[in-house]
Amino acid sequence: MPTAVATGFSLIFFAFCLALCYVVGIFLWSRSVEGARKAADRAFTAVVTSAFALALTPLVSVVITVVSKGVQRFDTEFFTYSMRGVVGAGGGAYHAIVGTLVTSGLATLMSVPIGLCTAIYLVEYGRGRLARGITFFVDVMTGIPSIVAGLFAYALFTLVFGPGTVNGFSGAIALSVLMIPIVVRSSEEMIKIVPDDLREAAFALGTPKWKVILRVVLPTAVAGISTGVTLAVARVVGETAPLLIAAGTTASTNFNPFSGQMATLSVFSYYEYASPGVPPEPYLERAWTAALTLMAIVMVLNLVARSFSLLFAPKTRS
């Protein structure tokens, strides 16, 4: 362990020294050839480029680590089998994939209408204390820890249905608490940047305000809104803490979010890594592959958002 820490520190120090030498070298070379002003410009550009490269290094390291360790079990069995009756090697995360899609889908169905309608109210209708109060609570909800959302959902279902009520729908409620403020904020900003000239032109034709919002404002902002919704889904699809409390886990496939505990990829990866059996290698391989699958899902969501942006973006004449 000390050797690994020392090696990691030396690599970081080497990268920092290399970036520093690059900045100093490009400044001295440019000053001798191009003058002081051009040298200062090149030095500043080198500082920004080096800072970007250093900031990108951990991300690249994470991607390489997850892909290299997760690809070992990235096979058909992993995506078509659950862990029911499996001890040691074998099995898969089919049940966790189903649970992730169900809970995230339900959370999206609940969060998007609420968040979008709230954003429309704040931009188009909201005035006075009510609008300021909603804005304040949205800001507060944006910064709450994810574990608080899980405790809220668990406490709510305990009060309504009795102690020990843990199921997929409870997990979806916890995720929606985290999604709603992100959808509100992103949708609000996209609706705000719709030019007022479009609204005024529609009003001049005698169009009611609700129809202006549906036919003019939302179609204009749909590209940005879809991107914001995708970011909100990507934010919650990998959450572990609230789902540990609200949704639980199981080794079997559960398609019913209203009955019984439901496994998710994040919780599955956590238990496989935190509580491996003997030998631990099969459990760790499944944990890394689950993490890789989560990354793949987020990547697909981003590609879908890009496609929606291109498909629904307002057409302009060249």
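This is a predicted model: local features need pLDDT of at least 70, side-chain atom pairs count only at pLDDT 80 or more; totals for chains, interfaces and linings use all residues.

Q: What does Ser226 touch, if we skip its neighbours within four places in sequence?
A: With those set aside, Ser226 has contacts with Ala305, Phe308 and Ser309.

Q: Staying with α9, at what angle does it pack against α8?
A: The angle is about 145 degrees, and the two axes lie 10 Å apart. Helix α8 itself spans residues 196-204. As for handedness, α8 and α9 make a right-handed crossing.

Q: Which residues make that contact?
A: From α8 there are Leu198, Arg199, Ala202 and Phe203. On the α9 side they are Lys209, Val212, Val216, Val217 and Thr220. Sorted by class, the contact between α8 and α9 has six nonpolar residues, one polar and two charged.

Q: Nice. How do α4 and α7 pack?
A: Helix α4 (residues 94-125) and helix α7 (residues 168-192) meet at an angle of about 35 degrees, with axes 6 Å apart. The crossing of α4 and α7 is right-handed. In their contact, 19 residues are nonpolar, nine are polar and three are charged.

Q: Zooming out, how is the chain divided into domains?
A: Domain 1 runs over 11-71, and domain 2 over 78-312. Their C-alpha centres are 36 Å apart. Seven residues from domain 1 and five residues from domain 2 take part in the contact.

Q: What does UniProt annotate for residues 97-305?
A: The unreviewed UniProt entry gives that span the annotation "domain: ABC transmembrane type-1". In this model, residues 97-305 are 78% helix and 0% strand.

Q: One more residue: where is Val24?
A: Val24 belongs to helix α1, residues 2-33. Val24 is partly exposed, because its relative accessible area is 41%, which falls between the 20% and 50% cut-offs.

Q: And how many Å separate the C-alpha atoms of Val24 and Val183?
A: That separation is 45 Å, for two residues 159 residues apart along the chain.

Notes:
Residues are numbered from 1 along each chain as its sequence is written. Side-chain values use heavy atoms; hydrogens and water are left out. UniProt positions are given in the numbering used here, feature names are shortened, and annotations may be inferred rather than shown by experiment. Helices (H or I, at least four residues) and strands (E, at least two) are DSSP runs, numbered from the N terminus. Contact means heavy atoms within 4.5 Å. Axes are lines fitted to C-alpha atoms, for helices over the stretch in contact, and angles run from 0 to 180 degrees between N-to-C directions. A crossing is left-handed if the near helix is turned anticlockwise from the far one by less than a right angle, and right-handed if clockwise. Ala, Val, Leu, Ile, Met, Phe, Trp, Tyr, Cys and Pro count as nonpolar, Asp, Glu, Lys and Arg as charged, and the others, Gly among them, as polar. Domain bounds come from an automatic or database domain assignment. Buried means under 20% relative accessible area, exposed over 50%, partly exposed in between (1.4 Å probe, protein chains only).
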